[in-house]
Amino acid sequence: MERRFDVASLVAALGVSLLGLLVLLDATDVIRLRFAVLGPLVCATVGGTLLAMGLTRSG
Amino acid sequence: MDSEETTQVQEPAPGPKRLVRSREDRVIAGVCGGLGRYFDVDPVLFRIGAVALVLFGGAGLLLYLAAIALVPDEHADPSKRTLPQRGLAIVGVVLLVVAAGSILSHGPFHLWFAWPLGILVVLGLGIWFLIAADRSSGASVRDTGQRLLLGLLVLVGSAVIAAGGAWLAGTGNGTVAAIAVLAAGGALAVAAFTTRSARWLIVPALALAVPVGVVEAAGIDLHGGAGERDYQPVSQDQVRSSYRVGAGRLIVDLRDAHLTPGDHPLKLRVGLGQAVLVVPNNVCVATHAKVGVGQVRSFDRTNGGVDVDWNNQPATAGTNPRVVLDAHVGMGQVLISHTSAAAFEHRFRLRFRDKTTIVTNETNSGCEVSNATR
C-alpha cells in the first residue's frame, strides 16, 4: 500500500510545532524555557527527521 | 561416467546467517522477531528484555531505534536502501541518543555538545544531498545546476529567516516569533500530506524555529542599543538603579562613586555581550546573575555553561557598603571585579562546562570572610 504522506516532513513538523508551542509559552510567561529542554528537543527533532529520511523515500 | 558427473547437481553452500528484521513475526518493526530467529530463541524473551530496558533507563528504546536503522528488513531490496540512506539513519539515531541521554540523565545540556552535534547535522544534510543526487543520477547537467541553485537559494533564504526570527524574538516580539514558528510547523505538516516533495521546507522551518528557541531560552533582550557603554559615576547620586545595553559591552565602574554604608540595588541587563561591574575593595557585592549561554565571573569564582543561575548573597563586613546586583545576560559574560583591566583580560573567554573554579586571587573583600568565599 502506498504511503500518502512524507514521514520525515511530518516528524519535522511535529518537532517544529512543539518548539513553537514552548516558545509561545515562554513568551507569555507560562513557563521558563531553558536549554536543558531546548537542546534535547532540537536534537530529537533533527535526529528523528534524519532517521525518517534514512528509512523512507520521499515522493 | 562422464554423463554421471555432468548430471550431478551440487547443492549451493549455505550463506552466512544474516540478522534481519522479521516480517512474519513482528510487533513493531520485527527486531525482536529477527533476533529470535537468528539466535534460535523464543522472540518473546527479547521483547521482555526490550520492554525492561525501556522502563529502566530507556536504553531499550535507543537500542531498538538503532536496530531499525542498522538491521535490514527481511524482504528489503538491498538496492533500495543506499549507503547514504543508512548513513543518514545512523546520524539520526546518534542525535536521538544524545537527546534521550540528556533527558534521562537529568543533567544539563552542555554547551560543548554544540560543535559535534552541529557537525553531525551538517553531515546529515550532506548525506541527504548525496541521496538526492543519487536518485537523480540520470539527470542532465542542467538539472543538476538547477538543483544546486535551488539548494543555494534555500540555504540563503534559511539564513535570512534565521536572522529575522532571532531579531524578532530578541526585540520583545517573542509571541509573534512563536506564532511564526507554529505556522511553519503547520505548513510543513500540511505539505507532508499534500506535496510529493515537501522535504525542502524542513530546512527553512528549522532555521526559523531553532534560533527563535535559542533567543528565548537564553533570554536575550536586544533593547538598549548596541555598542560599548562605560559608566563611571563620581558620586552616589550619579549611580542609577539600572543599566542596559542590547548588544555589546556594559561597564559600570563604582570605584569613584563613594557609596555610603547600606544596600545599593543595581540592575545590569545585556542581551548579547558583557556586563562588567567594578567596585572598590571595601564594597561587598551580593549577586544574583542569570546567563543563558556564557559565564559568570565574580572575583575569584567562575561558573559557565548554559542556563547559568548564580546566587551569592554574602553579608557585608562591618559598615561597608553592599551592592545588591541583579544581572541578566542572554549570551555572554557577567564580570565582577575590583579592576576594570580584568574585563579586557577575560573578555569572552568562556568556559564550556558547568563548574566553579578559582581563577584569580581577587576576593569579594568587602564582605564577611565566611560568606564571601562561597
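In the predicted model, A:Cys43 is buried, with a relative accessible area of 5% (buried denotes under 20% relative accessible area, exposed over 50% and partly exposed in between, with a 1.4 Å probe and protein chains only). B:Cys32 likewise counts as buried, at 7% relative accessibility. Residues are numbered from 1 along each chain as its sequence is written, and chains are lettered from A in the order in which they are written. Local features need pLDDT of at least 70 and side-chain atom pairs pLDDT 80 or more, whereas totals for chains, interfaces and linings use all residues; side-chain values use heavy atoms, without hydrogens or water.

One disulfide (a pair of cysteine sulfur atoms within 2.5 Å) is present over all chains. This bond joins B:Cys284 to B:Cys367, with an S to S distance of 1.9 Å. The linked residues lie 83 residues apart, B:Cys284 in strand β4 (residues 284–298) of chain B and B:Cys367 in the loop between β7 (357–358) and α11 (369–372) of that chain; helices (H or I, at least four residues) and strands (E, at least two) are DSSP runs numbered from the N terminus. The link is right-handed, with 95° about the S-S bond. B:Cys284 is buried at 0% relative accessibility, and B:Cys367 at 4%.

Helix α1 of chain A (residues 7–27) comprises 21 residues and reaches 30 Å from its first C-alpha to its last, close to the 30 Å expected at 1.5 Å a residue (1.5 Å times one less than the number of residues). Its buried residues include A:Ala12, A:Val16, A:Leu19 and A:Val23. Their cover includes α2 (35–55) of chain A together with α8 (174–194) and α9 (202–218) of chain B. Just after α1(A), A:Asp29 takes a positive phi of about 60°.

Definitions and conventions
Contact = heavy atoms within 4.5 Å.
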